Amino acid sequence: MTQASRTALVTGTTAGIGRAVALELAANGIEVIAHGRDTERGSQLVKEIAAQGGTARFVAADLVDADEVLALADAAGDVDILVNNAGVYEFAPTAATSVDSFDRHIAVNTRAPFLLVGALAPRMAERGHGAVINISATAATSPAPVGAVYGASKAALEILTRSWATEFSPSGVRVNAVSPGPTRTAGTTAMLGENIELLGKANLRGTIGEPEEIAKVVQFLVNTDSSYINGTVIVANGGDPTLLPG
Ligand SMILES: NC(=O)c1ccc[n+]([C@@H]2O[C@H](COP(=O)([O-])OP(=O)(O)OC[C@H]3O[C@@H](n4cnc5c(N)ncnc54)[C@H](OP(=O)(O)O)[C@@H]3O)[C@@H](O)[C@H]2O)c1
């Protein structure tokens with residue numbers, strides 16, 4: 001199958017990493033179904049992709065609502081690539097995490113990917129090819145005193161990644177995850193403002209990640225160049241500072 005004939009559903013493309021992924025895949029000839037909630041930013045992205053010679057359409061859905069997730073899968077139709085990127089991160093101590101916040105993390109970060117894979121991956125398997133990329137986070141594997149539910153929602157996504165690889169790879173569908181370190185996005189900027197640059201100090205490179213750097217990893221994983229990579233989590237974080245001699 002040629003790259004030009006492929007279609008990708010990317011969730012959460014109205015900002016940050018998802019937007020960069022949509023632009024990167026489109027620049028590589030992949031038709032993008034761009035998702036988010038904000039229709040204005042969604043249609044701006046579609047216009048931007050068209051101006052660069054790519055093809056995209058936007059589908060709005062609130063991933064907190066399971067029916068909207070399933071409607072998104074229907075609207076996407078047959079896709080060759082699914083990038084589960086949309087996510088929420090509300091860093092609070094456990095006692096200050098509301099029921100709504102708990103449910104929102106699980107619904108958006110874990111259940112929505114689960115429902116989208118359930119709806120779309122069997123159809124990829126029937127056609128004998130496909131790629132699923134889940135965007136995880138350092139919090140999935142590194143405990144922290146705030147954001148326990150965020151970490152739990154992403155840890156679940158990582159075991160789902162490995163489970164889905166066993167389930168769908170025999171039919172030609174590879175399933176992988178990318179775990180970004182702190183990355184400059186709308187979400188992290190809203191949270192940290194001018195302090196965002198400090199996030200870069202926590203990695204060996206010494207600077208924060210850019211969304212385009214994560215998008216390049218996703219592009220590699222949906223390519224045949226990564227054909228031997230399957231059921232794993234690629235870490236893109238500038239380097240773990242604990243590697244330094246103590
Ligand atoms: N940035 C980082 O440092 C970092 C590090 C590790 C992992 N990640 C992961 O990378 C992914 C993207 O993060 P980001 O920083 O790029 O996020 P962001 O700038 O906050 O953008 C979040 C995206 O997800 C969408 N979204 C949020 N809640 C949604 C909902 N209920 N229904 C539908 N769409 C929803 C937003 O859509 P609307 O704006 O249209 O509502 C937006 O497109 C997330 O899964 C995050 O956990 C980020």
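# Close-up views of a predicted model

Arginine 127 is partly exposed, with a relative accessible area of 31%. This value, like the others in these legends, comes from a predicted model.

**View 1. The salt bridge between arginine 127 and aspartate 80.** Arginine 127 forms a salt bridge with aspartate 80, and the closest N and O atoms of the two residues are 3.9 Å apart. The pair links distant parts of the chain, since arginine 127 belongs to helix α4 while aspartate 80 sits in the loop between α3 (66-76) and β4, 47 residues apart. Aspartate 80 counts as buried because its relative accessibility is 8%, and buried means under 20%, whereas arginine 127, at 31%, is partly exposed.

**View 2. The salt bridge between glutamate 90 and arginine 104.** In this pair, the closest N and O atoms of glutamate 90 and arginine 104 are 2.9 Å apart, and the two residues form a salt bridge. Elsewhere, salt bridges that share partners join Asp78, Asp80, Arg123 and Arg127 into one network.

**View 3. The salt bridge between glutamate 24 and lysine 216.** A search of the whole structure finds 10 salt bridges, and one of them is formed by glutamate 24 and lysine 216, whose closest N and O atoms are 3.4 Å apart. Glutamate 24 lies in helix α1 and lysine 216 in helix α7 (residues 211-221), so this pair ties together parts that are 192 residues apart in sequence. Side chains of opposite charge can pair when their charged atoms come close. Glutamate 24 is buried, with a relative accessible area of 15%, whereas lysine 216 is exposed, with a relative accessible area of 52%.

**View 4. Leucine 23 in helix α1.** Leucine 23 has its place in helix α1, and this residue is buried, with a relative accessible area of 16%. If residues up to four places away in sequence are not counted, leucine 23 touches Leu45, Glu48, Ile49 and Gln52. The C-alpha atom of leucine 23 is also separated by 8.4 Å from that of alanine 215, although the two residues are 192 residues apart along the chain.

**View 5. Asparagine 134 in strand β5.** Asparagine 134 is found in strand β5, which covers residues 130-135. Is asparagine 134 buried or exposed? Asparagine 134 is buried, because its relative accessible area is 0%, and buried means under 20%. The side chain of asparagine 134 makes a polar contact with the side chain of threonine 161, at 3.0 Å. Leaving aside residues up to four places away in sequence, asparagine 134 touches several others, among them Asn84, Leu157, Trp164 and Val178.

**View 6. A nonpolar patch on the surface.** Phe91, Val146 and Met191 form a nonpolar patch on the surface, and together they have about 250 Å² of accessible area. Phenylalanine 91, one of these residues, is found in the loop between β4 (81-84) and α4 (99-127). With a relative accessibility of 40%, phenylalanine 91 counts as partly exposed.

**View 7. The surroundings of the ligand.** Which residues are the closest of those that surround the ligand? Of the 34 residues that surround the ligand, the closest are Thr14, Asn85, Tyr89, Tyr150 and Thr185. A polar side-chain atom of threonine 14 lies 2.6 Å from an oxygen atom of the ligand. Taken alone the ligand exposes 900 Å², and the protein buries 92% of that. The elements that give two or more residues to the shell around the ligand are the helices α1 (16-27), α5 (148-168) and α6 (186-192), together with strand β2 (31-36). Among these elements, α6 gives the most to the shell, with 3 residues.

Technical notes:
Residues numbered from 1 in each chain as written. Predicted model: local features only at pLDDT ≥ 70, side-chain atom pairs only at ≥ 80, totals over all residues. Heavy atoms only, no water. Helix = DSSP H or I, 4+ residues; strand = E, 2+ residues; numbered from the N terminus. Buried < 20%, exposed > 50% of the residue type's maximum accessible area, 1.4 Å probe, protein only. Polar contact = N/O pair within 3.5 Å; in protein donor to acceptor, adjacent residues only side chain to side chain. Contact = heavy atoms within 4.5 Å. Patch = residues over 30% accessible without salt bridge, like charges linked within 9 Å, V, L, I, M, F, W, Y side chains within 5 Å. Areas by Shrake-Rupley, 256 points an atom, 1.4 Å probe, with all protein chains shown as cover. Salt bridge = Lys/Arg side-chain N within 4 Å of Asp/Glu carboxyl O. Near = heavy atom within 4 Å.
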